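Subject: Structure handover

Dear colleague,

Please find the structure below, for your files. My notes on it follow directly after.

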Amino acid sequence: MKFLVSVPASTANLGSGFDALGMALGLYDDVEVASAEAGVLSIAVEGAGSADVPLDETHLVVRAVRATGYTGGLVLKCRNAIPHARGLGSSAAAIVAGVVAGFTLSGRELDTDALQIAAEFEGHADNAAASLYGGVVVAWSEGERYRAVRADADARVRPFVLIPSQESSTKTTRGLLPAEVPHADAAHAAGRAALAVHALTRDPSVLLAATEDRLHQNYREPAWPDTVRVINDLRKLGVPACVSGAGPTVIAFGDLPAEVDTHGFDVRRLDVDAAGVRVRPLD
Ligand SMILES: Nc1ncnc2c1ncn2[C@@H]1O[C@H](COP(=O)(O)OP(=O)(O)O)[C@@H](O)[C@H]1O
Ligand SMILES: N[C@@H](CCOP(=O)(O)O)C(=O)O
């Protein structure tokens, strides 16, 4: 059995929706998967992470395949376009690719367990839901169970990202977050996150207010001060901008004003991905 899994990048939080909102982006990791005799494991990696990721059972895609219960042999060819440790959901994309590969190898339809398995790896479901389902997602948990709903993004939502060369680990910057926040900030987040759903799916004209965050960006600023500087510059000019995921990438909407200093950032226009992860049989 041989097939291609194509999985989109994601941007999580979208400012106000910490650990809850996500959106899939048109930048893809492709993983060619072939079943093999038990005991065989072969992994080839091109693109992001090719110099760093392990090529054994500890490879993130393989760990996710194993989490689905598939124990057979595997031959993987990974072509990674999503940069690692930049806040564009590379780890969730790798996990979703592995989970979907495991389900496909086992002849199992994708069901809600796919999100559950993927989100358990990360401890939050925002990125994994976006990579699985595409579009705009709202993720939450009920007890131990992760859940998500998706909606199409409004066609006028035009994201661009500013990706610095510096890496920042999600795990590390989650460690900068406080255990508690002021009630006023929690109330602010609830209102703005609800507004963000409306802004992303119906009325992008309110994205500036919707993407204002009080739950994570300021706490994480020491990890990426230039990111916060660019966000502030963009927002002062009326451009909705926030940190993508746990940073350091900036995600913004509309057009980039010429006067904003983007030195050190790779600026890319990305579409919203509406379809989520795809599987295509190969000969
Ligand atoms: N395609 C991949 N294959 C293997 N490991 C990956 C892949 N993508 C991400 N990872 C692992 O996840 C790490 C980045 O995860 P994380 O800090 O959550 O950042 P990101 O915002 O990119 O998800 C990488 O350093 C690497 O260890
Ligand atoms: N809600 C999470 C999102 C992490 O996204 P990533 O793309 O940086 O992995 C967080 O803010 O920690």
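In α1 itself (residues 60-67), the buried residues include Leu 60, Val 61, Val 62, Ala 64 and Val 65. Buried here means that 20 or more other C-beta atoms lie within 10 Å of the residue's own; with 12 or fewer a residue is exposed, and in between it is partly exposed, the C-beta atoms being placed from the backbone. Helices (H or I, at least four residues) and strands (E, at least two) are DSSP runs, numbered from the N terminus. The cover over the buried residues of α1 includes β2, β3 (41-47), β4, α2 and α3 (112-122).

This is a predicted model, in which local features need pLDDT of at least 70 and side-chain atom pairs count only at pLDDT 80 or more, while totals for chains, interfaces and linings use all residues. Residues are numbered from 1 along each chain as its sequence is written, and chains are lettered from A and ligands numbered from 1 in the order in which they are written.

Domains

The protein chain is divided into domain 1 (2-152 + 272-281) and domain 2 (159-269); such bounds come from an automatic or database domain assignment. The centres of the two, taken over C-alpha atoms, are separated by 24 Å. Domain 1 puts 26 residues into the contact and domain 2 puts in 28 residues, where two residues are in contact if their C-beta atoms, placed from the backbone, lie within 7 Å. On the side of domain 1 that touches domain 2, β1 (2-12), β2 (21-36) and β5 (136-142) each supply at least two residues, and β2 gives the most, with three residues. That side has 14 nonpolar, 10 polar and two charged residues. The classes count Ala, Val, Leu, Ile, Met, Phe, Trp, Tyr, Cys and Pro as nonpolar, Asp, Glu, Lys and Arg as charged, and the others, Gly among them, as polar.

Core

The largest nonpolar core has 84 residues, of which Val 61, Val 96, Ala 97, Leu 115, Ala 118, Ala 128 and Ala 129 touch the most other members. A nonpolar core is a set of buried Ala, Val, Leu, Ile, Met, Phe, Trp, Tyr and Cys residues joined through C-beta atoms within 7 Å. With 11 residues, α2 gives the most to this core, and at least three residues come from each of domain 1 and domain 2. Leaving out residues up to four places away in sequence, Ala 118 touches Ala 64, Ala 92, Ile 95, Val 96, Val 99, Ala 128 and Leu 132.

Ligands

Around ligand 1 there are 22 residues, the closest being Leu 60, Ser 90, Ser 91, Ala 94 and Thr 170. A residue is near a molecule if its C-beta atom, placed from the backbone, lies within 6 Å of it. α1, β4 and α2 each supply at least two residues of this shell; the largest share, four residues, comes from α2. By class the shell divides into nine nonpolar, 11 polar and two charged residues. Each of domain 1 and domain 2 gives at least three residues to the shell around ligand 1.

Ligand 2 has 16 residues around it, and Ala 12, Gly 87, Thr 170, Gly 245 and Ala 246 come nearest. The elements that give two or more residues to this shell are α4 (126-133) and α5 (170-174). The shell around ligand 2 holds four nonpolar, nine polar and three charged residues, with at least three residues drawn from each of domain 1 and domain 2.

Annotations

An unreviewed UniProt entry lists a "binding site" whose residues include His 84 and Ala 92. UniProt positions are given in the numbering used here, with feature names shortened, and annotations may be inferred rather than shown by experiment. His 84 is found in the loop between β4 (73-80) and α2 (90-105), and is partly exposed because 16 other C-beta atoms lie within 10 Å. Beyond its neighbours within four places in sequence, His 84 is in contact with Ala 48, Gly 49, Ser 90 and Glu 167. Ala 92 is found in helix α2 and is buried, with 33 other C-beta atoms within 10 Å.

The unreviewed entry also carries the annotation "domain: GHMP kinase N-terminal" for residues 61-135. That span is 56% helix and 11% strand, and its end C-alpha atoms lie 23 Å apart.

Regards
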